[in-house]
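Subject: Structure for you, with notes on one interface

Hello,

Here is the structure I said I would pass on. My notes on one of its interfaces follow below.

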Amino acid sequence: MREVAIVAAGMTRFGELWETSLRGLFAEAALEALQAARADHLDSIVVGCMSAGQFVGQEHLGPLLADEIGMAGVAATHVESACASGGVALHAAFLEVASGASDLALAAGVEKMTDGADVTAVLATAADQEREAYQGITFPGLYAMIARAHMQAKGTTEEDLAWVAVKNHRHGALNPKAQFRREVTLEEVMGSSLVADPLRLLHCSPVSDGAAAVLLCPLDQARRYTDRPVRIRASALATSTMALADRKDPSVLDAVQRSGERAYRTAGVAPPDIQVAEVHDCFAIAEICCIEALGLVPPCSGRHAARTGLTALGGKIPVNTSGGLKSKGHPVGATGIAQAIEIFEQLRGEAGARQVKDARLGLAQNMGGSGASSVVHILERV
Amino acid sequence: MAGIVGYGAYVPRNRIKAEEIARQWGKDPAAIRKGLLLEEKSVPGLDEDTITISVAAARAALDRARIAPSRIGAVYIGSESHPYAVKPSGTALIEALGIAPAVHVADFEFACKAGTEAMFVALGLVEAGRVDYAMGIGADTSQGAPNDALEFSASAGGAAFIFGRQDVLAEVVETYSYTSDTPDFWRREGEFYPRHGGRFTGEPAYFKHIESATRALLGKAGLKPADFRHVIFHMPNGKFPLQVGKSLGFTREQLATGWLVPTMGNTYSGSSPTGLAAVLDVAEPGELILITSFGSGAGSDSFALRTTGLLPERRGLAPTVRSMLDGPRRYLTYGEYAKYREKIIVNE
Amino acid sequence: MPSPRYWREIPTRYRLEAARCTGCGKVAFPARPVCPECRGREWERIHLSWRGKVVTSTVVQVPPSEFQMEAPYAVALVETPEGARLMTQVVDCEPSSVQPGMEVSLVFRRLRKEGRGGILCYGYKAVPAA
């Protein structure tokens, strides 16, 4: 397998982008990446998108979106893993290049959520339809149960959850592409309306439109496109049981653990080596569970991390400097790519006010459903 | 002799007080409670209907009968509020209870006496020898129109009776049905609430049919009111059953156990059947029980039953009616009640 | 929900039909082809008891459109005596009263109506044990 580098990135703003369609979002992000690399061709395109079919009634995204950027003819396909669709798109594109099948691959993620679909119902299809959604549980409801189990087992409090949102908004306020560029106070978070007890509105990532794209090529060709390539040290996937009922411990995200372990092993690194990370904070509790599962904090102590500043900018292991899903936004399929882009920019020293000093090794973790799938990328400054 | 080999009942846990409904419409709560002898009624949850109520009652009946569900050869559900206009309530029940597929199923309707209709036919099939066991169920979640007298009483609940020839808990001694064409209360297809003839529903309807059926049954069986330990009549409100009992020569004491309506309301096809279940919950062996239903349209089914020595040891195998009426329950506001009874208009 | 799928699911929804792996004893609800514990393929058909205990729960305040009128409602992960875990609403009580450890009975209820003219879908829910 060849070494693979990310050589360029492109991303729309995330938010309620009424004026832009699904294909328009993709085009904006893809063209920005192609332009940054001054690339005029592609060998393959992989698009991650949770459900253009349910959100806007459109399937067959591979050829549709290749065509949209004037690349009809190129090998193009769509991959899906609910909220981890972006991460698995990156994984698929990585394999395209690592295997020698492609020399220049575009990994993109896109989601158009505000065109009038019943968002709650569509997102619930990431859960087990027969055993969970049919019974009336919602997506926030599943994470609320995870939160309750975590509170019972590890003493996590509602305030601990709120601190995650406060931290991520503070970061997001520094991100020009974030959906919410304002800070929130602890009181605002604790006082926001209940969505599924104990999760409140401000514990939950928003409904967003957006797209993100990165260009991959073999490491030994990277200088054609950029003088600061970033190497993909590991790209690892794992799954867990689909239904929350079948998890050994509902407060432990074992798919995240597994994908993290596989990535660390491939890269030959350990959690303390990671200097900056993007993790999947679809709900505040998810960030706490993910940093525990990834070994970025000691076991069972995830609840303290945001409050003590451990995972804030300037802390020992900054997590979600982009603002996370909470503040940056969560156009479902785009998130996995956007996370990789944040780490990409951090490692190239291009993160502006969000810059983590001298970051050399970063991690991006993207998760689907209530933790049934997880994909971890470890990136390194070259 | 054929008779009841298992019985069960179900009353939902939600309630609304008569005075809460009275307040809603600016009526005097005390006058309502005194005039109708109603305190409160049961309210079905948004997830309850005639099918779910029937399943709960039938499960209890099977527990008491101690027979394998597959031995039931016929299932009849009588109701005024079958969930589908076309598709029987009984088919969901036979799948839920493991009675399917070797069984005959039919739904019955005859206003409030659809339950005893189902019981009459189930009994007849067993007596004919066509099946070994047959189940008759009366269950309803019928509605009363807002600001109508019936809104105080229309409630939800049901009872199930399994008939057979072996290990009988109460033998059926005699039956009598009295029927005529009397338009006292009806509902046309597509209408949400039923309509009724006001005071016409009393003497020419309720009283005439219950009295005629009961007197004919007594005559046919050679029995008199004093021979019975318990009597149950259809209960559209608290007053009517007491009045008809008195005019037929029964005492308050004979009526007391089956007179559930003050705290249950009128469960329509479930009304007298649930009263019968409440009586079976406490009756001693060798006692005579009389039950006469009334269904608008109109008709009455009357049954005389005699309990056996097997009853006391079986009745503890499922919840009693009183434990459901007096047990854990939630009182609703009128707004919650309107939401549960789907009286609030929403878009599709 | 389309009729064929609803009908296929009746044994699970109406009768709590489950399967016990003959190799390692793991109970799968609903039944499935491969045992998640030992990857075995031999099963014994069982029915779950109509009772259990709450493992974790939440109260859904923002419901999907089919459950609009029922919100807020409690949903819980319930474990039956056979060791099966299932996701179910807990009704006939104040939603906030549902807590881990609570004993529940499982009952037959109508889970949803498919609009004004579609089929009615039945299945199991939990109520606090009497």
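Between chain C and chain A there are 2 salt bridges. Please keep in mind that this is a predicted model. In one salt bridge, A:Lys248 is joined to C:Glu37, and their closest N and O atoms lie 3.2 Å apart. Polar contacts between chain C and chain A come to 18 residue pairs, counting pairs with both residues at pLDDT 80 or more.

On the side of chain C that touches chain A, the elements giving two or more residues are α1 (3-8), β4 (51-60), β5 (73-79), β6 (85-90), β7 (103-113) and β8 (120-128) of chain C. The biggest share comes from β4(C), which gives 6 residues. By residue type, this side of chain C splits into 23 nonpolar, 7 polar and 7 charged residues.

Within β4(C), C:Val59 is the bridge partner of A:Asp197.

As for the extent of the interface, 37 residues of chain C are in contact with 30 residues of chain A. The two chains bury about 2,700 Å² between them, and 53% of that is on carbon and sulfur atoms. Of the area that chain C buries against chain A, 22% is supplied by C:Thr58, C:Arg85 and C:Met87, more than by any other three residues.

Regards

Technical notes. Residues are numbered from 1 along each chain as its sequence is written. Chains are lettered from A and ligands numbered from 1 in the order in which they are written. This is a predicted model: local features need pLDDT of at least 70, side-chain atom pairs count only at pLDDT 80 or more; totals for chains, interfaces and linings use all residues. Side-chain values use heavy atoms; hydrogens and water are left out. Contact means heavy atoms within 4.5 Å. Buried area is the accessible area (1.4 Å probe) that two parts lose on being put together, summed over both. A salt bridge is a side-chain nitrogen of Lys or Arg within 4 Å of a carboxyl oxygen of Asp or Glu. A polar contact is a pair of N or O atoms within 3.5 Å; within protein, one must be able to donate a hydrogen and the other to accept it, and residues adjacent in sequence count only if both atoms are side-chain atoms. Helices (H or I, at least four residues) and strands (E, at least two) are DSSP runs, numbered from the N terminus. Ala, Val, Leu, Ile, Met, Phe, Trp, Tyr, Cys and Pro count as nonpolar, Asp, Glu, Lys and Arg as charged, and the others, Gly among them, as polar. Two strands pair if DSSP finds at least two bridges between them.
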